Amino acid sequence: MNFRAINVIYRKEMARFFRTIIESLISPVISTSLYFVVFGAAIGSKIEQVNGVTYGAFIVPGLIMLTVITQSVSNASFAINFPKFTGTIYELLTAPVSYMEIVIGYVGAAATKSILIGLVILATAFAFVDLPIAHPVAMLALLALTSASFSLFGFIIGIWAKDFQQLQLIPLLVLTPLIFLGGSFYSVDMLPGVWRTIALFNPVVYLMSVFRWSFFDTADVPIAVSLLAIAAFTGLCLAAVWWIFRTGWRIRQ
Amino acid sequence: MPSIVSIRNLTKTYSTGFQALKSVNLEIEEGEILALLGPNGAGKTTMISAICGIVQPTSGQILVGGHDVVRDFRATRSQIGLVPQEISLEPFEKVFNTVTFSRGLFGKSPDPEYVEKILRQLSLWDKKDNNIQSLSGGMKRRVLIAKALAHQPRVLFLDEPTAGVDVELRKDMWSVVSDLKAQGVTIILTTHYIEEAEAIADRVGVINKGEILLVQNKAELMAQMGRKQLHVDLAEPITAIPEALASYALELGSDGRSLIYTYDTKRERTGITNFLGDLRSAGLQMTDLATRQSSLEDIFVGMVREKP
């Protein structure tokens, strides 16, 4: 293992984050606050409790997931796409580093950023609502797992994308609908029959359900099913990354 | 001398079907400076990319320091430094940081003193805290060299290092190259500036259309080809070389208005005086005289043209 290489990649990526710390943290904080004002205060006051939780508190896990997923994908995809764009990827390809080391460095840094952002949003939420956290350790573990698996997903998009437009395509066309329809702001139990069945094909539903469970101790789908779904998604991403590097797809000619 | 880089039957066909390298064989000796000459698209960059790990060979084998570049990539890549043809740098990084990053990427422990030494050698020390985007093109190229040297490679590849570079930087680069050679570093540079190969290389390889046409010691090549020619312009065109001048192995210019006399500058007598005397005796009147030294460029152009 070339630990020094992992270390320098990770630190370089984190340095990029801290160079723009204000922009990196302030925008999620502002958008979260806006969601609280709009959904929590304005609309939320008209909605009765969901599963025994006030609507303002109910949307917090969804908001965290929404931001963590989008940030993970955009950070990780940009981190590997930018060197492809500038040509500096030549250095990674000519260095004595294995694919796994490259992935650990980039995905590790992107996931760390997402976890930090998730925690900042959580702290912001406390300023607006009373928030119980039923299973804090599970909550943190899920936060870390989600950050890691979607950073991995973002890494794949970053390698696939040939330009900056393509980089935006998947998050915009696939991810945002999946997240919004995945129960960020509602319980899938609230959906009418057939839509609930359709919703169960959305992987984000499982993530959202188990994450909300870590706060309120109630879940839309069984915890075990959720964990299995997350494991399957992570496994799929790992397999894709393994295939990409084995074949050199869009990296090595 | 042992080979540090050994290329055997290397073939590369890109996914587009373009065959960039056709069964190339090349032995690069430890400590030498090898210049690879060839026109654009000859396969120079593909060959370097295959050795360094950017391009996957279609078939054949490459050994660096006795290790296979695919199977044993850690052992080979840690010995290699590459200065790419394109200026590829992250615009928002600082000079010192990016060179330190390169060193770490190659698994070497941080050594700020060594990084300082390279930056000073490349006249980059006073720019060490500058953002790369604020540097001029020449300075950026120096940064690329510093990055390639950051892990103290045994073999350094310079892909068109002086393309679009001013005279001062070119001279600096040549002096860095000769310092590295003195330290025992093997240097392979690609160029289409023949003067560059003439100035610094020990051996010259000519590559065209994916094939190596020749690899030869530069001095031998120059000696072999280091002839001079005397061009004599005639007042009146002639159709054949006069009998009296037959012993000089002259060439007649295509329009019959010039004679070309080829001689060896290293001989004790060049025969010019006799030739000019006999020229006058033959009744030929000349209007102008010019001499030309054949250079690597002539050799190169000749070789590349011969193979259509």
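Which residue stands opposite B:Thr13 in β2(B)? B:Gln19 does. The views below start from that pair. This is a predicted model, in which local features need pLDDT of at least 70, side-chain atom pairs count only at pLDDT 80 or more, and totals for chains, interfaces and linings use all residues. Residues are numbered from 1 along each chain as its sequence is written, while chains are lettered from A and ligands numbered from 1 in the order in which they are written.

**View 1. The four-stranded sheet of chain B is open and antiparallel.** Its strand order is β2-β1-β4-β5. Strands are DSSP runs of E with at least two residues, helices are runs of H or I with at least four, and both are numbered from the N terminus. Two strands pair if DSSP finds at least two bridges between them. Strand β1 (residues 3-13) of chain B is joined to β2(B) by seven bridges in the antiparallel sense. At the edges stand β2 (19-29) and β5 (67-68) of chain B, each pairing on one side only.

**View 2. Six strands of chain B form an open sheet with mixed pairing.** The order is β6-β7-β8-β3-β9-β10. The edges are β6 (80-83) and β10 (211-217) of chain B; each has a single partner strand, so one side of each is left without a neighbour in the sheet. On average, neighbouring strands are turned by 15 degrees against each other, direction ignored. Inside this view, β3 (residues 33-37) and β9 (residues 203-208) of chain B run parallel, joined by four bridges. B:Ala35 stands opposite B:Val204 in β9(B).

View 3. Axes are lines fitted to C-alpha atoms, for helices over the stretch in contact; angles run from 0 to 180 degrees between N-to-C directions. Contact means that the C-beta atoms of two residues, placed from the backbone, lie within 7 Å.

**View 4. Helix α5(B) has buried residues under several elements of chain B.** The helix has 13 residues and reaches 19 Å from its first C-alpha to its last, close to the 18 Å expected. That expected span is 1.5 Å times one less than the number of residues. Its buried residues include B:Arg141, B:Arg142, B:Val143 and B:Leu149. Buried means that 20 or more other C-beta atoms, placed from the backbone, lie within 10 Å of the residue's own. The cover includes β6, α3 (95-105), α4 (112-121), β7 and α6 of chain B.

**View 5. Chain A has 10 helices and zero strands.** Of its 253 residues, 43% count as buried. Along its principal axes, the C-alpha trace of chain A spans about 60 × 40 × 35 Å.

Definitions and conventions
Buried ≥ 20, exposed ≤ 12 C-beta atoms within 10 Å, placed from the backbone.
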